[in-house]
Amino acid sequence: MPHCVFCKIAAGEVPASVVFDDGQALAFLDHRPLFPGHCLLIPKIHVETLAEASPEMLAHLSGKARLLSMAVEEALGAQGSFVALNNRVSQSVPHLHIHVVPRTKGDGLKGFFWPRQKYSNIEHVENIRSQLENKFRELSQSANT
């Protein structure tokens, strides 16, 4: 889709802080995170809603979401993670995407009140991205052995 920002990110036309890219799925840091390390996981082909995704695509994405949530928790010392998918309503970009957000007790996230934050600087973004990329790679390699 020529006007979809996530398709442009997947094609490398728009810069993003990529955590992993396996050719079918791509994870990158949300530029307005709930907390540092908030990732978006997308299929690289344009699919707008859950209903449009094939069972094979969903199986692949859910496996990657599992590893990404583990990477977020382990790399960032989070006590847990919040994994969510909006379907049309509240979907800020009309491209299927899964939010993977690090959580800790008392972090202030309540219900669906989601105050967005900004990274302090580009070094902060790169530090978080690098930690997640390395942990995801490590977990992926151990899952494949």
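The structure is a predicted model. The protein contains three helices and five strands, which follow one another from the N terminus in the order α-β-β-β-α-β-β-α. Its radius of gyration is 14 Å, close to the 15 Å that the globule rule gives for 145 residues, so the protein is as compact as a globular protein of that length.

**Overall dimensions and packing**

- Taken along the principal axes, the box filled by the C-alpha atoms of the protein is roughly 40 × 35 × 30 Å.
- Of the 145 residues of the protein, 43% count as buried.
- The protein has an accessible surface of about 8000 Å², and carbon and sulfur atoms account for 54% of that surface.
- When contacts between residues at least 6 apart in sequence are considered, 62% of them join residues at least 24 apart.

**The largest pocket**

- The volume of the largest pocket is about 460 Å³.
- Its lining is made up of 25 residues, which divide into 15 nonpolar, seven polar and three charged.
- The lining residues that lie nearest the centre of the pocket are Phe-6, Asp-30, His-31, Arg-32 and Leu-40.
- Two or more lining residues come from each of helix 1 (5–10), strand 2 (25–29) and helix 3 (122–143).
- Among the elements, helix 1 gives the most to this lining, with three residues.

**The setting of Met-57**

- Met-57 belongs to helix 2, which spans residues 55–76.
- The relative accessible area of Met-57 is 14%; residues under 20% are counted as buried, and Met-57 is therefore buried.
- Once neighbours within four places in sequence are left aside, Met-57 is in contact with Pro-43, Ile-45 and Val-47.
- Met-57 and Ala-25 stand 32 residues apart along the chain, and their C-alpha atoms are separated by 8.9 Å.

**Points to locate in the structure**

- For the pocket, a reader may begin with Phe-6, Asp-30, His-31, Arg-32 and Leu-40, the residues nearest its centre, and then turn to helix 1 (5–10), strand 2 (25–29) and helix 3 (122–143), which each give two or more residues to the lining.
- For Met-57, a reader may begin with helix 2 (residues 55–76), where this residue is found, and then look for its contacts Pro-43, Ile-45 and Val-47.

Conventions. Residues numbered from 1 in each chain as written. Predicted model: local features only at pLDDT ≥ 70, side-chain atom pairs only at ≥ 80, totals over all residues. Heavy atoms only, no water. 1 Å grid on protein atoms, 1.4 Å probe; cavity = no way out; pocket = protein on both sides within 12 Å on 5 of 7 lines; lining within 4 Å. Points joined across faces, edges and corners; volume = space filled by probe spheres on them. Helix = DSSP H or I, 4+ residues; strand = E, 2+ residues; numbered from the N terminus. Nonpolar A, V, L, I, M, F, W, Y, C, P; charged D, E, K, R; others polar. Rg over C-alpha atoms; globule rule 2.2 N^0.38 Å. Buried < 20%, exposed > 50% of the residue type's maximum accessible area, 1.4 Å probe, protein only. Contact = heavy atoms within 4.5 Å. Areas by Shrake-Rupley, 256 points an atom, 1.4 Å probe, with all protein chains shown as cover.
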